[in-house]
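Okay, thanks everyone. Let me put the structure up, and then I'll talk you through a couple of spots.

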Amino acid sequence: MYRVGELPVALQRAIAKHVPPEAMITRVEFEGPEIVIYVRNPALIASRPEIARNLAKELKKRIVFRAEKDARKPPEEAKKIIMEIVPKEAEIKTIVFDEVLGEVVIKARKVGLVYGRGKAIYNKIFAETGWRPVILRAPDWESTTLNSIVSFMLRESSYRSKILREMGERIHRGVLFENRYVRITALGGFMEVGRSAILVETGESRVLLDFGVNPGGTGYNMYPHVDVDQLRPEELDAVIVTHAHLDHMGLVPFLFKYGYRGPVFVTKPTRDLMVLSLYDYLDVASKEAGRAPFTHHDIKKMILHTIALDYGEVTDVAPDIKLTFYNAGHILGSAIAHLHIGEGLFNLVYTGDLKYANTRLLTKAHTEFPRVEALIIESTYGNKRQPKRSQAEMELIQWIVRTIQVKKGKVLIPVLAVGRAQEILLVISEAVAKKFMPEVPIYVDGMIDEVTAIHLTYPEYLSGSLRKKILYGENPFTADYIVKVEHPSMREEIISSTEPCIIIATSGMLNGGPSVEYFRKLASDPRNTLIFVSYQVKGTLGRRVLEAGTGGQVTLVSPDGKLEVIKINMDVVSVEGFSGHSDIDQLIAFLRDIKPKPKYLILNHGEPEAIYKFKARIERECRRGGRLEGAPFCEPGRIYTPSNLDSLLLTR
Ligand SMILES: [Zn+2]
Ligand SMILES: [Zn+2]
């Protein structure tokens, strides 16, 4: 805690310049990346929003004003005032007070009405109650993950506030060293797909970009290189996670097990999806022989250290590093990370996984940045062209129609819970609406409905047309022909009924999850169809089924532990084109459109063949008349293809 007089001089001056004495500042705290100023006169701050704005602008820091404890109304009274101020149409569901932070969490159906035009109602609540509103959306389906994160944070509020202050002290410590350089070290996900991890070092600080597992790996190959000298978890300044796929965040709790106590920066949807997926990962790992590399306890520690941001929010993550997330178009909340290092010394952009094309669910990746010197870009499909979305959608609907109308059978679509499931639901509901196919029950089984609930919580992260539908019209995810499978006993009924239907179930590669059970029971009937909509990795049951094909057979272990031979009489097809990754043409288009053009390119997240072909293609496009002609990275020796454990000094 600081009195104003104890703060660094620049901060004191800025506060004296912008905050009138009538605000009555009592103390200032560094809480994570934010500077929190406590006042006795919240009404003044609320009535003049330019105070916070100008202060933030001058300091280039995130500024938050809170009312001192004795300047807040008692909760019961504050609750009454809030109910009077907020229009009834906002449909407030819950109001919970966080005594430690002085925040009031208001959950409502229509959050826009709680903010009011130009945040007028938000400011009025702060002015009249002294409680700083935190507004959450209550969607048609509530996310139980988000609810449990929020109540866990509230329960642990005093511990969390202590952590935030410790992190804040670290982030805002002055820059000590004048030794200015930027170096990256490839810890995983270079010349391969899986276990993405990049260490960024400056003279001052150390930051990790992603820290994932390799789902197809075994033993040592599952982990990024945690044994390098520079990676001492207790000395890291920050961990930045681009999105909630296990190959990018699956081992973040492991860092907490080994002494990391710093912040984890993510977008808001990524936080929720990450927590859900990590608990699921532990659940699966505990059922299998191999032990998980961390426990529930480590996930909880991670949650308390997580700082969730929105796209475009500039945030200090270390004394000399500012982070901004931008939409990556890959899954809900997926982000491109922009690092502004050392007051203009260097700007590094890391794409994470990237989709540079609009989908039904999301808008294509962002391409405009304040500055970029080096770009780390994913290369998964650096050597492949994908069929067009519209073509893939048509093929999917044709197979569905053929199955339910002609064969009068059932369609089984194994899906990844995050992203693909929602995309497929949208494609089907659109086809139903346009009468391209008859309306039949769609059963949704596995983690999918919880993931859908998280999508509904963050409509501002979704594509424009979907957002409009969810907020103002027909929510396609809640159509009455979409039925949640609430209990395993329901599966038996679905399987034994003679009615045609569509079953969308996890996992996407038939490696565990309810999709396996449906497959076992539906495979022998030629009226049914199995449709894969994602890549089937070698070694998974999905891949073996695809290779065996209709008429073939596969052997698997049944739930009671016996070997079972499954004769495949159902149609087995794979529809390509639904990938969340950019294909080679989209990757080149991204490089063509990115502004400004980087000086250096670093290719990662791809098998060697994809990386080398991608590099060759970039070089071809750099030639005269090519689509990338004249870009600074076209100069000789500026495209890097590092392997794991390579380090690159970027400031030369
Ligand atoms: Zn991904
Ligand atoms: Zn990935």
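Predicted model: local features only at pLDDT ≥ 70, side-chain atom pairs only at ≥ 80, totals over all residues.

Residues are numbered from 1 along each chain as its sequence is written, with chains lettered from A and ligands numbered from 1 in the order in which they are written. Helices here are DSSP runs of H or I with at least four residues, strands are E runs of at least two, and both are numbered from the N terminus.

Who touches whom? From α20 we have Ile584, Leu587, Ile588 and Leu591, and they meet Phe614, Arg617, Ile618 and Glu621 in α21; contact means C-beta atoms, placed from the backbone, within 7 Å.

Now over to strand β2, residues 34-39. Six of its six residues are buried, so the rest of the structure largely encloses β2. Buried means 20 or more other C-beta atoms within 10 Å of the residue's own, again placed from the backbone; 12 or fewer is exposed, and in between is partly exposed. Glu34, Val36 and Tyr38 point one way, while Ile35, Ile37 and Val39 point the other.

And the neighbours? β1 pairs with β2 antiparallel, over six bridges; pairing takes at least two DSSP bridges. Arg27 sits opposite Tyr38. On β3, the pairing with β2 is parallel, also over six bridges, and Val36 has Val64 as its bridge partner.

Note on methods:
Contact = placed C-beta atoms within 7 Å.
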